[in-house]
Amino acid sequence: MSPTRWLIGIVPLALVGALSLGQVVTTAEPTEAAPRVTDGQPSTLGRPLVGGADPSVIKVGDLYVSAKSVDGGIAVRTASTLEGVATAPTHQVWQDSGNLGEVWAPEIVHHDGQYRIYFAAGRGAAHRTYHISSPSPDSGYSPATKVALPDDKWAIDGVPFTFGGQRWFVWSGWAGDTNVEQNLYIARMSGPTTTTGGRYVISQPREPWERVVGNPYINEAPQPVVDPGGRLHVVYSANGSWSDNYCIADLRLRAGGDPTYVWDWYKSNGCLFGSHAATMMPGWDPTLNVDGPGHHTFVLPRGHAAAGPPSGNRFPTMFHAVAKGTPYSWANRYWYSGTAVWWGNTTYRRANVPGDTTNVGYSLKFFE
């Protein structure tokens, strides 16, 4: 995330939603702390660490494919192992020849036989979401096409997915034309760059643990994934990425719920992956070796949300963070590999909103 996301003033908003209690106790696995690396350089550790932010990695057959914002454009790396992404050659697949502006957070998926990269570009309030595609992972991409999102407001971190036989798009955006807060929105897709119907807010940063850092308050980097029970989750980042309070939290759709209805979504009662005990969901432990983990990717086959792994088995993730003992700054962020596991029978609680006050289902445990 770039500084221009939060330099515009904020209007105070009242807190709404639930004050919560959680359950389940676990201990995060220790790992060695990582040294600082500069953008584009792999670390000397055995895990794939690359300087920079906002990882996006998918698996297509036996190939791991990543997308990254590099030098005012987008670069792709491919490797036969996840670890190999760190040292794979960089292929610049798109350059901002049209002077769109700052290029943020490309998300790569493989849909309909095409590699599709969605990214935000613009300056200040002009940031919108764009799409490029190619039949090959690291060459031959189309010119950038603007994604026609409802209301045409500031929109970043967008990613498509399929659920319930419908193609959807979820992103972080503003309600209006000023940077009051970043909400999560969803819309139905009718094509790779077109939507149908309206946009629907599914999350706002209104819980105390996601309002530790403001100007503005943040919900961003949504990652859709379907749990072993067939329920949809949108796992997102909260608090400002300029702070080590940046963390990962979860939205879980109730069984049979409508993805466009905000009160069919239940929010985790704190961060599921973060570096401050005070903001963690009860029973979830803070990180041992990194600060401010966030903007993660689930390394799923073709980037498909419905390809979520089964319960009980750890599956690979990547996220950006800053090593503990290193000053927290955007310049010190880099990609880490990690793992996650589905964690069953977890209760999310809320109050003073429509619908049931509790919901039980899968949550996630993240490990460094």
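Predicted model: local features only at pLDDT ≥ 70, side-chain atom pairs only at ≥ 80, totals over all residues.
**Entry 1: asparagine 179**

Is asparagine 179 buried or exposed? I found a relative accessibility of 0%. Buried means under 20%, so asparagine 179 counts as buried.

Next I asked where asparagine 179 is found. I traced asparagine 179 to the loop between β10 and β11. β10 covers residues 166-173, and β11 covers 181-191.

Then I checked the side chain of asparagine 179 for a partner. I noted a polar contact with the side chain of tryptophan 174. The contact is 3.0 Å.

**Entry 2: a sheet of four strands**

I turned to an open sheet. I read its strand order as β1-β2-β3-β4, with antiparallel pairing. Which strands stand at the edges? I found β1 (56-60) and β4 (91-95) there. Each has a single partner strand, so one side of each is left without a neighbour in the sheet. I also noted the twist, which averages 25° from one strand to the next.

I then followed β1 to β2, residues 63-70. How many bridges join β1 to β2? I noted five, and the two strands run antiparallel. I picked out lysine 59, which stands opposite tyrosine 64 in β2.

**Entry 3: the whole protein**

I stepped back to the whole chain. I listed 20 strands and zero helices. Of the 368 residues, 59% are buried.

Last, I looked up the accessible surface. It comes to about 13000 Å². Carbon and sulfur atoms hold 52% of that surface.

Terms used. Residues numbered from 1 in each chain as written. Heavy atoms only, no water. Buried < 20%, exposed > 50% of the residue type's maximum accessible area, 1.4 Å probe, protein only. Areas by Shrake-Rupley, 256 points an atom, 1.4 Å probe, with all protein chains shown as cover. Pairing = 2+ DSSP bridges. Axes fitted to C-alpha atoms, helices over the stretch in contact; angles between N-to-C directions. Polar contact = N/O pair within 3.5 Å; in protein donor to acceptor, adjacent residues only side chain to side chain.
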